[in-house]
Amino acid sequence: MTETHTGTYEVVVIGGGAAGLSAALVLGRSRRRTLVVDAGEPRNTPAAHMQGYLTRDGMSPAEFLALGREEIARYGVDLVRDRVVDVTKGDDFAVVLAGGKTVHARRIVVATGLKDELPDVPGVAERFGRDVIHCPYCHGWEVRDQAFGVLATTPLSVHQALMVSQWSKDVTLFLHTVAESELTDDDLRRLAAAGVAVVPGTVTELVVEDDRLTGVRVAGNTPAEGGTTHPREAVFVAPRALPRTGLLEKLGAELQETPFGAYPVVDATGLTTVPGAWAVGNAMGFAEQVVNAASAGYRAGATINGDLLMADLDATVGA
């Protein structure tokens, strides 16, 4: 890690995850003076490994990021462990760090990701990233053919239950806070066709024995009944996504509502409605996996280099 930042850069990348580091790598190789500001809060911290990234399948997320930081350093990219608390735009972008410094940049890349808000059920947060998981493409192979539970948080959890049935034929959808009346006829037909069992009632806790998930407890109709435990080995949840878009909102970026939160309006390269500000990775969409985020960072980095080059050439011609 380098911390030689002196205040003026061509590009400041806010966020040091896969998307931010990928953008920084391209910019560094393009000989652009670049700073990465990393608060050290990657979304996939709870996971022991990441999957589906060609040649990196099974790698620890921490190892992946460490290698990325080493790579950008080879090309003179600065990296500081800090948090951006404010951004304003005038002739350039003024980026204010929690540590007290202000740095300036001609362009910025916002790669601040999102935060997962988990259902408030005992055992969920403690097991998240192990046998409580959310993405079948990330973890489905590792838990294949086990007894799955799906903890519903909205009617959209039906889709999650149907998807995970590709990895196990023993799937139970626990409706939890979702009323049976909220399921459509198509939902019920598809669940039946996939062989997914549906259990109404509020989930009160996940049962863990010897550091291993063994069941899902559902409340009884009366306190005296004490509830029922359903044996399960892995539970899928759908966290509520909280996009970290505060900096973009301060800049006046246009957002669009999605079923997974409000995200910035961007073009195919990640450019927001604020000239000179790009958003990449989970800062611009819920479903960006590590490989997608890295790709988006690469695309943004290459686009920014070209944008800066043309701006400088036009300035020279107009001088």
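Predicted model: local features only at pLDDT ≥ 70, side-chain atom pairs only at ≥ 80, totals over all residues.
Residues are numbered from 1 along each chain as its sequence is written, and side-chain values use heavy atoms, with hydrogens and water left out.

Let's start with the second largest pocket. A pocket here is an open set of points on a 1 Å grid over the protein atoms alone, where a 1.4 Å probe fits, with protein on both sides within 12 Å along at least five of seven lines; a lining residue has an atom within 4 Å of a point. This one holds about 400 Å³ of space, with volume being the space filled by probe spheres set on the points. It has 17 lining residues, and the closest to the centre are Ser-22, Leu-25, Tyr-53, Phe-64 and Glu-71. Which elements give two or more residues to that lining? They are α1 (18–29), α2 (61–74) and α8. Helix α1 has the largest share, with 6 residues. By type, the lining splits into 11 nonpolar, 3 polar and 3 charged, where Asp, Glu, Lys and Arg are charged, Ala, Val, Leu, Ile, Met, Phe, Trp, Tyr, Cys and Pro are nonpolar, and the others, Gly among them, are polar.

Staying with α8, which runs over residues 290–318, that's where Leu-309 sits.

Now over to Leu-242, in strand β16 (residues 240–243). Leu-242 is also partly exposed, since its relative accessible area is 25%. Its C-alpha lies 8.5 Å from that of Ala-262, 20 residues apart along the chain.

Thr-55, in the loop between β2 (34–38) and α2, has a positive phi near 75° without being a glycine. Thr-55 is exposed, because its relative accessibility is 64%. Then there's Asp-210, also not a glycine, with a positive phi of about 55°. Asp-210 is in the loop between β12 (203–208) and β13 (213–218), and counts as exposed because its relative accessible area is 80%.

Definitions and conventions. Helix = DSSP H or I, 4+ residues; strand = E, 2+ residues; numbered from the N terminus. Buried < 20%, exposed > 50% of the residue type's maximum accessible area, 1.4 Å probe, protein only.
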